[in-house]
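Hello,

Here is the structure for you to look over. My notes on it follow below.

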Amino acid sequence: MAASGDLVAAWDVPLPDGVHKVEFEHGTTSGKRVITVDGKEIYREDWMFKLVGKEHFQVGNAKCVISIDAVSGFAYEYLLEVNGKPLKKFKENQSKIQRAWCLKIAGHNFRVCLEKNTLYVYVNGDKVDTFGEFTDDGAETHFEIGAHSAVIKGYTTGKRKDGVQHKLFVDEIEIPEAKE
């Protein structure tokens with residue numbers, strides 16, 4: 001990104017294919033608007049008469065909107081909505097409906113994501129074929145990451161408020177859950 005001094009906001013958006021960095025530049029004298037996702041410029045308008053408003057764009061399959069609102073004088077507020085929800089609410093919802101793990105195999109980074117409501121599994125954003133089975137301890141969802149066997153084990157702690165918990169094992173080694 002050019003060091004124009006117009007960068008006014010940056011957000012991290014967690015999606016099944018990874019956490020995407022959204023950056024927004026706003027020239028408060030020219031009305032310039034630039035949206036960058038993961039370092040790639042996806043929208044640019046160098047001159048606009050209207051300094052406030054909304055910019056619509058997509059990050060993967062997620063529909064995003066940046067709202068630019070005047071708060072006082074030449075001060076502005078920038079809010080990001082993802083799939084119709086403010087980013088904070090979207091992140092809270094994502095943490096409820098998906099689990100994600102990041103790992104490295106043979107020098108390659110992988111992000112595994114489980115959508116809890118559909119039980120779909122994504123590896124680096126691509127939905128993978130799975131095989132599910134019930135066990136004495138809960139349920140297992142088997143799949144492959146390259147030539148490596150992987151399984152997501154779903155189990156209950158016995159406490160109703162905890163719901164179903166999930167752990168990922170690759171080649172029988174437990175992978176810690178990603179922070180976001």
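First, a term: buried area is the accessible area, taken with a 1.4 Å probe, that two parts lose on being put together, summed over both. Please keep in mind that this is a predicted model.

The domains

The chain divides into domain 1 (7-83) and domain 2 (95-175). Their centres, taken over C-alpha atoms, are 33 Å apart. Between them, domain 1 and domain 2 bury about 420 Å². Carbon and sulfur atoms account for 58% of that area.

The contact between them

On the domain 1 side, 6 residues are in contact with 7 residues of domain 2. Two strands, β1 (7-15) and β2 (18-26), each supply at least two residues of the side of domain 1 that touches domain 2. By type, the residues on that side are 4 nonpolar, 1 polar and 1 charged. What about polar links? There is 1 residue pair in polar contact between domain 1 and domain 2, both at pLDDT 80 or more. The salt bridge count between the two domains is 0.

One residue to look at

H20 sits in strand β2. Is H20 buried or exposed? Its relative accessible area is 11%, so H20 is buried, the cut-off being under 20%. The side chains of H20 and D38 are joined by a polar contact of 2.5 Å. Neighbours within four places in sequence aside, H20 is in contact with W11, D12, V13, L15, V37, D38 and V59.

Best wishes

Notes:
Residues are numbered from 1 along each chain as its sequence is written. This is a predicted model: local features need pLDDT of at least 70, side-chain atom pairs count only at pLDDT 80 or more; totals for chains, interfaces and linings use all residues. Side-chain values use heavy atoms; hydrogens and water are left out. Domain bounds come from an automatic or database domain assignment. Contact means heavy atoms within 4.5 Å. A salt bridge is a side-chain nitrogen of Lys or Arg within 4 Å of a carboxyl oxygen of Asp or Glu. A polar contact is a pair of N or O atoms within 3.5 Å; within protein, one must be able to donate a hydrogen and the other to accept it, and residues adjacent in sequence count only if both atoms are side-chain atoms. Helices (H or I, at least four residues) and strands (E, at least two) are DSSP runs, numbered from the N terminus. Ala, Val, Leu, Ile, Met, Phe, Trp, Tyr, Cys and Pro count as nonpolar, Asp, Glu, Lys and Arg as charged, and the others, Gly among them, as polar. Buried means under 20% relative accessible area, exposed over 50%, partly exposed in between (1.4 Å probe, protein chains only).
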